[in-house]
Amino acid sequence: MTISPPRPKGPPLNALRAFEAAARLGGFAVAAEELNVTPGAVAQHIKALETWAGAPLFERRSQGVRLTILGSEISQDFSEAFDSLGEAIQSLRGRAAPHQLHIAVLPSIAQLWLSPRLPALRRALPGVVLSVTAMETPPNLLREPYDLSLFFAGPEISGTQVSLGRDVIFPVCAPSLAKDIKKPSDLAKLPLLHDTFWRGDWEAWVSSAKIERPLKASFPSQDSVFSLYSLAVQEAENGAGVLMGHAALVEDRLKTGALVAPLDHQAPLDRHLVLECARHPKDNHILKEVIQGLTDQAQTP
């Protein structure tokens, strides 16, 4: 007679994933945002894991949660395990479809920097299928299904990152407005355009220029505010006001004359336009060619 006793069950994968995210990010709400579930679902998953383990992993407090000693001791093991799982999934995806590349990119960079360069990239790499996803925050390339990401980041550059140039800002406007701007104080007489994503642009430039402040608050009520930088650029072209330009994002329009930089001072910021790879480019010649192609285009005057 064969005896087949029931085997003990391990904890659900979703419970392990919820614990790892909450431990790494420091809370249930931020973990829920990353996992695209509700904070209540994260709490339930972690409670189930604690029940299975027979020990608490988090201390619940009125101001939030904190890892217990046990939770702290094992959290790194789980992070490394999920990183390894992510790398294996990336390897599987890359080997199964080596000619398909997925790029995650900041919306403004996608519209103003990457889009004009895609035709040359396609011509240089016939047969390669490029997909682009615009998002506000960089993805975790160890965990998410993207081969490359393109965002402003830094100042440190790691081994899987390539700097395509430092982020430099300066005022830009339509030629029709430029004739009225001879010195920084002239900006006070004109409408300023603001981008919600880069709230500190104007303050950073004024501070760098060491000039008498020609502006009032960061968002004066009489000025226009945009949640899409590409729309702000278009409005600057239309003569709606003066925008703080990011060199990489307005360079094409400066070349055509659609926008001009009426003042000489430029403010370099402590970040770069960074192209990051999910794995080392030497592991995939197509990735290497894409990175080289974008790097070459970034360096072309």
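Two strands count as paired where DSSP finds at least two bridges between them. The model shown in these views is predicted.

**View 1. Strand β10 pairs with β5 and with β6.**
Strand β10 covers residues 267-277 and pairs with β5 in the antiparallel sense, over 6 bridges. In this pairing Leu-150 stands opposite Leu-275 of β10. β6 and β10 also pair in the antiparallel sense, over 6 bridges. Here Ser-163 has Val-274 of β10 as its bridge partner.

**View 2. Strand β9 is mostly covered.**
Strand β6 (residues 161-172) pairs with β9 in the antiparallel sense over 4 bridges, and His-246 is the bridge partner of Ile-169. β7 and β9 run parallel and are joined by 2 bridges. Leu-192 stands opposite Val-242 in β9.

**View 3. The largest nonpolar core holds 63 residues.**
In soluble globular proteins, nonpolar side chains tend to be buried together. Within the largest nonpolar core of this model, Ile-109, Trp-113, Leu-150 and Trp-205 touch the most other members. Helix α11 (residues 285-299) gives the largest share of this core, 6 residues. Another core, of 16 residues, lies apart from it and includes Ala-18, Phe-19, Ala-22 and Leu-57. Leaving out residues up to four places away in sequence, Ile-109 touches Leu-114, Leu-150, Phe-151, Phe-152, Leu-249 and Leu-273.

**View 4. Ser-108 lies in helix α5.**
Helix α5 is made of residues 107-114. Is Ser-108 buried or exposed? Its relative accessible area is 6%, under the 20% cut-off, so Ser-108 counts as buried. Apart from neighbours within four places in sequence, Ser-108 is in contact with Trp-113, Trp-198, Tyr-229 and Leu-249. One of these contacts, Trp-113, has Arg-117 over the face of its ring, at 4.2 Å from the ring centre.

**View 5. Phe-152 and Trp-198 form an aromatic pair.**
A pair of aromatic rings is described by the distance of the centres and the angle of the planes. The structure holds 7 aromatic pairs. Phe-152 and Trp-198 make an edge-to-face pair, with 5.7 Å centre to centre and 70 degrees between the planes. This pair links distant parts of the chain, 46 residues apart: Phe-152 is in strand β5 (residues 148-153), and Trp-198 is in the loop between β7 (192-195) and α8 (201-209). Both Phe-152 and Trp-198 are buried. Arg-271 lies over the face of Phe-152, at 5.7 Å from the ring centre.

**View 6. Trp-202 and Trp-205 form an aromatic pair.**
Their rings are arranged edge-to-face, at 6.4 Å centre to centre and with 85 degrees between the planes. Trp-202 and Trp-205 both belong to helix α8, where they are 3 residues apart, about one turn of the helix. Both residues are buried. Trp-205 is also among the residues that touch the most other members of the largest nonpolar core.

**View 7. Helix α2 has three buried residues, Phe-28, Ala-31 and Ala-32.**
The helix runs over residues 28-35. After α2 comes Asn-36, which has a positive phi, near 60 degrees.

**View 8. Gln-90 lies in helix α4.**
Helix α4 consists of residues 69-96. The relative accessibility of Gln-90 is 6%, and Gln-90 therefore counts as buried. Which residues does Gln-90 touch, not counting residues up to four places away in sequence? They are Leu-141, Glu-144, Pro-145, Tyr-146, Ala-278 and Arg-279. Ala-53 is 37 residues from Gln-90 along the chain, and the C-alpha atoms of the two are separated by 30 Å.

Key
Residues are numbered from 1 along each chain as its sequence is written. This is a predicted model: local features need pLDDT of at least 70, side-chain atom pairs count only at pLDDT 80 or more; totals for chains, interfaces and linings use all residues. Side-chain values use heavy atoms; hydrogens and water are left out. Buried means under 20% relative accessible area, exposed over 50%, partly exposed in between (1.4 Å probe, protein chains only). A nonpolar core is a set of buried Ala, Val, Leu, Ile, Met, Phe, Trp, Tyr and Cys residues joined through side-chain atoms within 4.5 Å. Contact means heavy atoms within 4.5 Å. Rings of Phe, Tyr and Trp (its six-membered ring) pair if their centres lie within 6.5 Å; planes under 30 degrees apart count as stacked, over 60 as edge-to-face and the rest as tilted. A charge sits over a ring if NZ of Lys or CZ of Arg is within 6 Å of the ring centre and within 35 degrees of the ring normal.
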